Amino acid sequence: MTTTVYKVTGMTCGHCESAVTEELSTIAGITSVQAVAATGLVTVTAGADLDDEAVRAAVDEAGYELVGRA
């Protein structure tokens, strides 16, 4: 298992957290997602190293911007 923390901009509420969590959960191998709007941090746990571009695409699809790893 690997845990990676990402910085995401644009999240302001629980709905934002849910949208990001839902999109990231569609990526194969991800077992857990915790998005916190107050800090802009998204913690992702997966069975293997994540493809940052796949994470970026999922965050973009949710309507937010991935700044990078925190």
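For a chain of 70 residues, a compact globule would have a radius of gyration near 11 Å, and the 10 Å found here agrees with that. Keep in mind that this is a predicted model. Taken along the principal axes, the C-alpha atoms fill a box of roughly 30 × 20 × 20 Å. Buried residues make up 37% of the 70 residues. The protein exposes about 3800 Å², with carbon and sulfur atoms supplying 50% of that area. As for contacts with a separation of 6 or more, 64% of them come from residues 24 or more positions apart.

**The sheet**

Two helices and four strands make up the list of elements, and from the N terminus on they run β-α-β-β-α-β. The four strands form an open sheet in the order E2-E3-E1-E4, with antiparallel pairing. Its edges are E2 (30–36) and E4 (65–69), each of which pairs on one side only. From one strand to the next, the twist averages 25°.

Here is how the strand pairs line up:

| Pair | Sense | Bridges |
|---|---|---|
| E1 and E3 | antiparallel | six bridges |
| E2 and E3 | antiparallel | six bridges |
| E1 and E4 | antiparallel | four bridges |

Tyr6 stands opposite Arg69 in E4, while Lys7 stands opposite Leu41 in E3.

**The helices**

H2 (residues 52–62) lies across E1 and E4, and runs at about 150° to E4.

**A look at Thr4**

Where does Thr4 sit, and is Thr4 buried or exposed? Its place is in strand E1 (residues 2–9). Thr4 has a relative accessible area of 8%, under the 20% cut-off, so it counts as buried. Which residues is Thr4 in contact with, leaving aside neighbours within four places in sequence? The contacts are Val42, Thr43, Val44, Leu50 and Arg69.

**The cysteines**

How many disulfides does the model have? The count comes to zero. The sulfur of Cys13 is 3.5 Å from the closest cysteine sulfur, in Cys16; a disulfide needs the two sulfur atoms within 2.5 Å, so that gap is too far for a bond. Seen from the other end, Cys16 is in no disulfide either, and the nearest cysteine sulfur is that of Cys13.

Cys13 has a relative accessible area of 32%, which lies between the 20% and 50% cut-offs, so Cys13 is partly exposed. Cys16 is at 5% relative accessibility, under 20%, and therefore counts as buried.

Key. Residues are numbered from 1 along each chain as its sequence is written. This is a predicted model: local features need pLDDT of at least 70, side-chain atom pairs count only at pLDDT 80 or more; totals for chains, interfaces and linings use all residues. Side-chain values use heavy atoms; hydrogens and water are left out. Buried means under 20% relative accessible area, exposed over 50%, partly exposed in between (1.4 Å probe, protein chains only). Contact means heavy atoms within 4.5 Å. Two strands pair if DSSP finds at least two bridges between them. Axes are lines fitted to C-alpha atoms, for helices over the stretch in contact, and angles run from 0 to 180 degrees between N-to-C directions. The radius of gyration is taken over C-alpha atoms; the globule rule is 2.2 Å times the number of residues to the power 0.38. Accessible areas come from the Shrake-Rupley method with a 1.4 Å probe; for residues, only the protein chains shown count as cover.
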